[in-house]
Amino acid sequence: MMASPKAHLKRKGPEAVPRMQPAMMMFSSKYWARRGLSLDSAMFDQQHTGDSLLREGFKMSRRTSFGRIDEKPDKEAISASPDPGKTTVIFSVKNEVGCLVRALRLFQERHVNLSHIESRRCKRVPTEVEIYAEFNCTKKEFNELVQYLKDHINILSYNTPQHVWSADGDCEDCVCVLGALPNEEGVPWFPQKISELDQCSHRVLMYGSELDADHPGFKDNVYRQRRKYFVEVAMNYKFGQPIPRIEYTEEEIKTWGVVFRELTKLYPTHACREYLKNLPLLTQHCGYRDDNIPQLEDVSLFLRERSGFTVRPVAGYLSPRDFLAGLAYRVFNCTQYVRHSIDPLYTPEPDTCHELLGHVPLLADPKFAQFSQEIGLASLGATDEDVQKLATCYFFTIEFGLCKQEGQLRAYGAGLLSSIGELKHALSDKATVKIFDPKTTCNQECLITTFQDVYFVSESFEEAKEKMRDFAKTIKRPFSVYYNPYTQSIDLLKDTRGIENVVQDLRSDLNTVCDALGKMNRYLGI
């Protein structure tokens, strides 16, 4: 039986207010538990996966077969010094006959001799298995191997110690040690170049076709098959590729049109000025109309020119760490599927209506883009506790934030700007509004199935950004990070050499500014 939208209403007075709920693409496990969401795959036919893959009879130097991973490794083995030149790669493959043989052939083609292999069932994608491969090679050979493997398989991490892999076997959100910081084993892995976001975007906690029993499309087989298609598009996408264009159905366009028309009636009196400035530009350049669903490729090209942001397709919910890592590179993970047509003004998950109408217009604003990136950069290498605090600040700003303009409250949060009921509520006298302060906001409970108990207001994006910068200084990590826009990579500022390189860049920028000021004085008398 299909659940009624009223199960997701918050009653204010005698009548319930319909809500088009725009959940984020990132939530911690405690929110999933509260909602009772299942992480079991409903996308593919479930195939039995044992503790090991294929027992091919390979003669390994340490083990002759694929046994169960030791959950309590020998302490002496953990403390022992690693072999010179020893390195590791963890990758995932689809659980099917011959998958291991094909994967190992990639190592053979690069003349890499494997010394140890382990396998386990993938927690995030039940139809896949994860492989831990250990081998010896030079740094040059390793870099070449990684680049080669990335073209054929999904690499999850590398240079991860075996005891960390084993200890994380029962964790839903596995944490890998960052290979670039050998002396800081407590630092979680994070992408250090933009192409490594493929690893983050493919680690989906819940596929877009996994629908709860109370989801409007749960019993609609046609809709579920459609969702599978969108999952395949997202999971096959890799950095640098053009985003596949979707041929949306007549029903999907009709659903989008209802949402578009209802929300655009409210924007003039409820949305912030930055949003109102960019929406007409999106209509002009990306085809924002009630009879057309914009394509992510067009949106991504538009954003790149306006603020340096891009979007990429994602299959479903990501962990806070993986989602925020994308923001650090000015990359926004964006869904492409459309909510079920039975109730166009309600969705229990973020869909393309939420992404395109809620997030995209403000991602085109340079100051908002910078604010978003600041949160992402602060998350890199942070502890789980600090990442959760940053995710909560994200929730109450980028998703449900308010600002003051011309003495009036205006919405800039995507969750509000894509929700008719909550957009009205947040700007009414019924809502509780407090000043945004990351130190206190990070402890506020995020509500998923009802309107928020409290909303947070900032005077401007610039003010919110400065507050987040101060808050980021409290993040516990043994280094700072600097985003290099030329190489689209993260520089670790953990020694004087790294800092000197940043100073050189700043000097170059300051020389340009001084030259411009001199010419203004000379030719314009300013």
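In what follows, a residue is called buried when its relative accessible area is under 20%, exposed when that area is over 50%, and partly exposed in between. The model is a predicted one, and by this scale E144, at 38% relative accessibility, counts as partly exposed, as does R110 with 35%. The side chains of these two residues, R110 and E144, meet in a salt bridge with an N to O distance of 4.0 Å. Because R110 sits in the loop between α3 and β4 while E144 belongs to helix α4, the pair ties together parts that are 34 residues apart in sequence.

Other charged pairs lie in the interior. R226 and E252 form a salt bridge whose closest N and O atoms are 2.8 Å apart, joining helix α7 to helix α8, and both residues are buried. R227 pairs with E349 at 3.0 Å between the closest N and O atoms, and this bridge links helix α7 to the loop between β10 and α12, 122 residues apart. R227 is buried with a relative accessible area of 1%, and E349 is buried with 5%.

Turning to the nonpolar side chains, the largest core holds 85 residues, and Y267, Y275, Y288, L303, F332 and L357 touch the most other members. Helix α14 supplies the largest share of this core, seven residues.

Finally, in helix α18 the residues F461, A464, K465, M468 and F471 are buried; they cover an arc of only 120° around the axis, so they lie on the same side of α18. Among the elements covering these buried residues are α9, α12, α13 and α14.

Note on methods
Residues numbered from 1 in each chain as written. Predicted model: local features only at pLDDT ≥ 70, side-chain atom pairs only at ≥ 80, totals over all residues. Heavy atoms only, no water. Core = buried A, V, L, I, M, F, W, Y, C linked by side-chain atoms within 4.5 Å. Buried < 20%, exposed > 50% of the residue type's maximum accessible area, 1.4 Å probe, protein only. Helix = DSSP H or I, 4+ residues; strand = E, 2+ residues; numbered from the N terminus. Arc of directions from axis to C-beta. Contact = heavy atoms within 4.5 Å.
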